[in-house]
Amino acid sequence: MEEFYKGFAQRARDLAEKADPITRRRLLDLAQRYDLKSRPGPANARSMPPPRAIPPTVLFSGASEA
């Protein structure tokens, strides 16, 4: 996954070289965000949603009305 984001960062930088000033700034900002995602570590880990209080199978396993 790290190489995936590094590749996107480089592609954004390549496009920025040929872009107008406003687009260049946005592309370089995007490249910086991709660089941050490409670095391994806990600061980068996606936060997992909190566990469900009731598993989804319990919600729908009761008697159904048809």
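This is a predicted model: local features need pLDDT of at least 70, side-chain atom pairs count only at pLDDT 80 or more; totals for chains, interfaces and linings use all residues.
Arg-33 counts as partly exposed, since its relative accessibility is 46% and the class lies between 20% and 50%. The side chain of Arg-33 meets that of Asp-29 in a salt bridge, with 3.1 Å from N to O. Both residues belong to helix H2, where they are four residues apart, about one turn of the helix. Asp-29, at 35% relative accessibility, also counts as partly exposed.

The helix that holds this pair is part of a chain with three helices and zero strands. Read from the N terminus, the order of elements is α-α-α. The chain has 66 residues, and 14% of them count as buried.

Helix H2 covers residues 21-38, and its length can be checked against its geometry. At the N-terminal end, H2 is capped by Asp-20, which has a side-chain oxygen 3.2 Å from the backbone nitrogen of Ile-22.

Which residues of H2 are buried? They are Leu-27, Ala-31, Tyr-34 and Ser-38. Viewed down the helix axis, these buried residues fall within an arc of 60°, and therefore they line one face of H2. Pro-21, Ile-22, Arg-25 and Arg-26 are exposed and sit on the face turned away from the buried side. Helix H1, residues 2-17, is included in what covers the buried residues of H2.

In soluble globular proteins, nonpolar side chains tend to be buried together. Here the largest nonpolar core has eight residues: Tyr-5, Ala-9, Ala-12, Ala-16, Ala-19, Leu-27, Ala-31 and Tyr-34. H1 and H2 are the elements that give two or more residues to this core, and H1 gives the most, with four. Ala-19 is one of the core residues. Apart from its neighbours within four places in sequence, Ala-19 is in contact with Arg-24 and Leu-27. Leu-27 in turn is both a member of this core and one of the buried residues of H2.

Side chains of opposite charge can pair when their charged atoms come close. The structure holds three salt bridges, and the one between Arg-33 and Asp-29 has been described above. Another joins Asp-35 and Arg-13, whose side chains meet at 2.1 Å from N to O. This pair links distant parts of the chain, as Asp-35 lies in H2 and Arg-13 in H1, 22 residues apart. Arg-13 has 29% relative accessibility and so counts as partly exposed.

The remaining pair to describe is Glu-3 with Lys-6, a salt bridge in which the closest N and O atoms are 3.9 Å apart. How are Glu-3 and Lys-6 placed in helix H1? They are three residues apart, so about one helical turn separates them. Glu-3 is exposed, with a relative accessible area of 60%, while Lys-6 counts as partly exposed because its relative accessibility is 40%.

Conventions. Residues are numbered from 1 along each chain as its sequence is written. Side-chain values use heavy atoms; hydrogens and water are left out. The expected span of a helix is 1.5 Å times one less than its number of residues. Buried means under 20% relative accessible area, exposed over 50%, partly exposed in between (1.4 Å probe, protein chains only). The arc is that of the directions from the helix axis to the C-beta atoms. Contact means heavy atoms within 4.5 Å. A polar contact is a pair of N or O atoms within 3.5 Å; within protein, one must be able to donate a hydrogen and the other to accept it, and residues adjacent in sequence count only if both atoms are side-chain atoms. A nonpolar core is a set of buried Ala, Val, Leu, Ile, Met, Phe, Trp, Tyr and Cys residues joined through side-chain atoms within 4.5 Å. A salt bridge is a side-chain nitrogen of Lys or Arg within 4 Å of a carboxyl oxygen of Asp or Glu.
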